[in-house]
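Visitor: I am new to this structure. Could you walk me through it?

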Amino acid sequence: MAAIANQSLTRRAFLRVSATAAGGLLISFYLDSPLFAQSPAKVYPPDAFVHIQPDNTVVITVNRLEFGQGVQTSLPMVLADEMDADWSHVVAELAPAADVYRDPFYGIQMVGGSGSIAHSFQQYRELGAKTRAMLIAAAAQKWNVKPEQCRTELSVVHGPNGQSLKYADLATAAANLPVPETAPLKDPKAFRLIGNDTRRLDGRPKCDGSLKFGLDLDLPGMKIALVAHPPIFGAHPKSIDDKAARSLPGVLDVFEISTLAKGTAVAVVADKFWTAKQARDRLQIDWDSTGLQPADTPQLFDQFKQLAATPGNVAVSRGDLNALDTAPTDHRLIAEYEFPYLAHTPMEPLNTTIRFDGDRAEVWAPSQFQTIDQMAIAQTLGLQPAQVTFHTEMAGGGFGRRAVPDSHVQREAAQIAKRMKGTPVKLIWTREDDVQGGYYRPMHVHRVEIAIGPDGLPSAWRHVIVGQSIAAGTPFAAMMVKDGVDRTAVEGVADTHYDIANFHVSAHHPEVNVPVLWWRSVGNTHTGFVMETLIEELALRAKADPIAYRRKLLKPEAKKTLAALNLMDQKSAAWRKQLPSGHAIGFACHECFGTGVACAAEVSIENHRPRIHRVTVAVDCGRAVNPLSVQSQFQAGTVFGLTQIVPRGAITLKDGSVVQNNFDGFTPPYIADAPVAIDVHIVPSDDAPTGCGEPPVPVISPAVVNALFRLTGKWFRSLPLSNI
Amino acid sequence: MESYTLTINGQSKQVTVDPSTPLLWVLREELKMTGTKFGCGISACGACTVHVAGIATRSCVLPVSLVGDRPIVTIEGIGQDAVGRAVQDAWVSEDVVQCGYCQSGQIMAAVALLKSIRKPTDSNIEQSMGGNLCRCGTYIRIRQAIKTASQKLL
């Protein structure tokens, strides 16, 4: 990252760009939350987003983390298109933490909620258009012509009399011009990059080992820290014997730090990873877990099921539920679902490097939450955020795990850096720390009672959801928890697009001594599963075609879901007619984060497991900025979604401790678990673009389980799937 | 501490480390070759895959003391090889990567596969690549890129 830092220092001589953020939305969104009370930068300071180098390379700064979702390519595409930059000479860099890089909608610098393109598409278009207008103005002045007489192409301004100047040759002059209030945006018909399949800018360096992730950071004099975490969340060391650990050459220090869930952990700092690992293994710690709830998975499911039998805090209530009592018994359906905790396990283990110099600190972190992590580090070190220089490092996945409201990894790293003042220390969470370290997709129980009308459609629906609140106790509670209901637990049910007149959804949020967190697509992981398996079941009971049944039950305003459903129907029609024997199809559709998705999965059973031969996915995400990237997100996100049905796709607890501790115990999908073929189809659209990171996840598991019903006659309602 | 002479990507390298140190950490910390990744430390994910005497090997569980004089090839050197280059090119042209963290290991596993089977079937691919985890889930494109590289090499 050193090269990038140097570039930043020299950037001020070049182009100045400014624009206005959509601040109004932010204020209403975060009004109640003191953490976010400060409004975002209303005016972007000069040179924050575009830097034209003397060789005509255009460096575009990306205001959020790249961790696989492709935003480091798509946002530069948007800016470069409006700017008419030569794409073959565009370079992207990740922005450090700074107010100007806050998400225009969320008001903090972050990635989440599939917001990257949805929130910054307009922002980056305007930035590109203003940059272009300033370059044209500079050229027009130089040639003494009117700006309207100039045109731009491939990083060159052309004048009316055959003149031409490269952007690089105009940058200094343009930088001295006032930033226009507005600049005309392109007619979408004139887009040259937006809407075209574009390979990732980071493709090659991720294939030759040259790209540096946060974990790859190397600084002069840097040391490595590992932390021994309590075996039960919130426990404290009663006694520590660190003699054997300290006797290892290379071990610098062993000390207690506060850790997640208000517990106390033991940090080991050493010269190398292997030294720190061996030292940590040699620590003998007696832990005190007095007064802590010993979470236990079977007991929790029992408790959750008891709660599910009673109504919780009401999320939505309309019509009446009389039909639940009056419908004939063969027109009633009662279903209970179990979902375990799930770990994110991004491939790059969690890490943060900090050097604390007393009155300032420098941080290198693969973070989805720059603003929050920077504040947490500043607070831990007794500094102001402005005294903490925060570099955003490329991250090896995240799926929500690098967006933690309490910044527990950064707080650990900051305590260690404080003790090791003057020495840069990289804190590494090993895979064991990660798998056992909490912040899981919460476990849930759903209980649903449905009355089926004479037309086969649901005439009344009572739905109780039991699971921990993700937002409670965090700064996000103010906007996410309403009337005792965490909306991330009920999203996908409470806001369903199915037209169910008599509908009651409520939620219980028991407290459990296990930290929980958003996991790619958040509540939709379980709510989508419940809704789509139930709708398929209702369709099959009604002896209806499941696609036609959904079409009939979806409200007309569910335009995106319907468009995706219809496209999926059309694109899978041919292969659905030619199923080999022993194969079956399941369907699902779901809308979340503004994107409608539908899929059909062809499944057989091999060795008591579902074998997924083929999946057709259709998506309506508004305008697809980079269709190639949309396709990739939906192919790979489909595989990610299978995490919840693979046999070892569960985190369980026994006597307060997590049972699994690495990929041998918590085992996400490998290549043999993945579909052999996934074809992705995008609904053509001129609507504003919506997200593609989270929406691929919810549909595949219900589609597979729906296919399994056709093969086995059984509805699988407890995840992960045990042997079939 | 012991001294070892390792042959890595055709070059001789001297290191002095604890004999139990896994090759992975010798590469990453002693030699600053960070293209080989730490994912699990128990040979369960394949992010640390390198070639040891031509065999795809999990460097996270191979103590440096057991390497001996076997030549090591890492992601940084695999492009010097015709098969390695073809696989890297196919990975780029098929736009395989997302977060990219596992892809060094995936590429090393794919090169080993194509060196032993020039035209692998889907089942060959699943067997050879079966222990390499991609949390993003890029397997569809990994499969396609192996086939693309295979065609180039035939």
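**A first tour**

Visitor: What is the mean pLDDT of chain A?
Guide: This is a predicted model. In chain A, 94% of the residues reach a pLDDT of 70 or more. The mean pLDDT of chain A is 93.

Visitor: Over which residues of chain A does pLDDT stay under 50?
Guide: Where pLDDT is low, the predicted coordinates should not be read in detail. The model has 90 contacts beyond four places in sequence for the stretch in question. That stretch of chain A is residues 1-46.

Visitor: Which element gives the most to the side of chain A that touches chain B?
Guide: Here 50 residues of chain A are in contact with 46 residues of chain B. On the chain A side, α7 (273-282) and α18 (627-641) are the elements giving two or more residues. With 8 residues, the top contributor is α18(A).

Visitor: How many residues of the side of chain A that touches chain B are nonpolar?
Guide: Start with the others. This side has 13 polar and 13 charged residues. The nonpolar residues number 24.

Visitor: What distance separates the centres of domain 1 and domain 2 of chain B?
Guide: Domain 1 of chain B spans 2-73, and domain 2 spans 79-153, by the domain assignment. Their centres are taken over C-alpha atoms. The separation is 21 Å.

Visitor: Which element gives the most to the side of domain 1 of chain B that touches domain 2?
Guide: The contact takes 13 residues from domain 1 of chain B and 10 from domain 2. On the domain 1 side, β3 (49-52) and β4 (55-58) of chain B each supply at least two residues. Giving the most, with 3 residues, is β3(B).

Note on methods
Residues are numbered from 1 along each chain as its sequence is written. Chains are lettered from A and ligands numbered from 1 in the order in which they are written. This is a predicted model: local features need pLDDT of at least 70, side-chain atom pairs count only at pLDDT 80 or more; totals for chains, interfaces and linings use all residues. Two residues are in contact if their C-beta atoms, placed from the backbone, lie within 7 Å. Helices (H or I, at least four residues) and strands (E, at least two) are DSSP runs, numbered from the N terminus. Ala, Val, Leu, Ile, Met, Phe, Trp, Tyr, Cys and Pro count as nonpolar, Asp, Glu, Lys and Arg as charged, and the others, Gly among them, as polar. pLDDT is the predictor's confidence in each residue, from 0 to 100. Domain bounds come from an automatic or database domain assignment.
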